[in-house]
Amino acid sequence: MNIFHLINIITAYKPNKYSKLLKEGTKEAHDLIEQHPFFRDLLNGTLPDVKYAYYLANILPIYELVEQEFLSNVTDKSVLQSTKIKKDLENYSNLLNRKIDNSTYNYSFAWVMYFKQKSRTYKKAELYVRWLADMYGGQVLKKKVKYGEKYKFKNLRKNIKFIRKMIEEDLNDDTIQKFIEEVNIVYKLHNFTISHIYQYVE
Ligand code: HEM
């Protein structure tokens with residue numbers, strides 16, 4: 001992705017004051033995960049395909065739950081990430097000649113349990129972390145993976161606005177601090193999952 005493409009994406013949306021607070025309050029966690037060896041190796045092209053494939057299998061249940069809650073009636077199906085992830089998983093299963101699902105390595109169980117008990121507003125923390133990760137960082141990662149259907153969007157600027165708007169609808173003086181905390185917890189759960197995959201999957 002060249003610099004113009006990146007600017008085009010970053011300027012897709014004019015954040016309101018709550019989105020700005022959210023970005024500031026979660027920047028440290030974002031930068032920590034961006035520098036995790038899992039993503040460092042992925043960016044360097046040295047992460048084994050099998051680890052990336054089990055990463056997809058582990059995050060799929062989260063995407064499915066978020067979509068059931070918030071995106072069941074969308075007209076633009078290109079924001080339905082689980083469909084794309086399943087396509088990527090099928091390709092990795094064929095490439096690696098083994099069935100890739102989360103029955104062998106399941107490191108997102110606690111994450112899923114945590115998600116289920118949250119109220120609707122704070123469930124949007126996942127919409128924020130996962131969808132924006134795919135829409136921003138994903139545009140860099142897309143070139144580093146063999147199958148990156150997950151990072152393809154029909155109209156990225158429009159899709160960013162759509163997801164951002166859904167998140168902002170629930171952000172106000174009463175919710176913002178807890179929302180920031182919830183996003184930081186999501187980053188920790190995500191970190192736990194990738195650390196285990198990085199260490200144990202082979
Ligand atoms: C691994 C390489 C990654 C790169 C290169 C990267 C890069 C970026 C960039 C350039 C932005 C836009 C920043 C801006 O608007 O100024 C962004 C935003 C974001 N990224 Fe990442 N990212 C990466 C990984 C991740 C991961 C693994 C996650 C989640 C687990 C993530 C979650 C997010 C979120 C939630 C935002 C939106 C921040 C906001 O504007 O509020 N990123 N990322």
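What share of the contacts in the protein with a separation of 6 or more comes from residues 24 or more positions apart? The share is 82%. Two residues are in contact if their C-beta atoms, placed from the backbone, lie within 7 Å.

## The model

This is a predicted model, in which local features need pLDDT of at least 70, side-chain atom pairs count only at pLDDT 80 or more, and totals for chains, interfaces and linings use all residues. Residues are numbered from 1 along each chain as its sequence is written.

## Overall fold

The protein has 10 helices and zero strands. Helices (H or I, at least four residues) and strands (E, at least two) are DSSP runs, numbered from the N terminus.

Along the principal axes, the C-alpha atoms fill a box of roughly 50 × 40 × 35 Å.

Of the 202 residues, 29% are buried. Buried means 20 or more other C-beta atoms within 10 Å of a residue's own, with C-beta atoms placed from the backbone. A nonpolar core is a set of buried Ala, Val, Leu, Ile, Met, Phe, Trp, Tyr and Cys residues joined through C-beta atoms within 7 Å.

The largest such core has 42 residues. Ala53, Leu89 and Val183 are among those with the most contacts inside it. Helix H4 (49-70) supplies the largest share, 10 residues. Beyond its neighbours within four places in sequence, Ala53 is in contact with Leu89, Tyr92, Leu96 and Ile100.

Methods
Buried ≥ 20, exposed ≤ 12 C-beta atoms within 10 Å, placed from the backbone.
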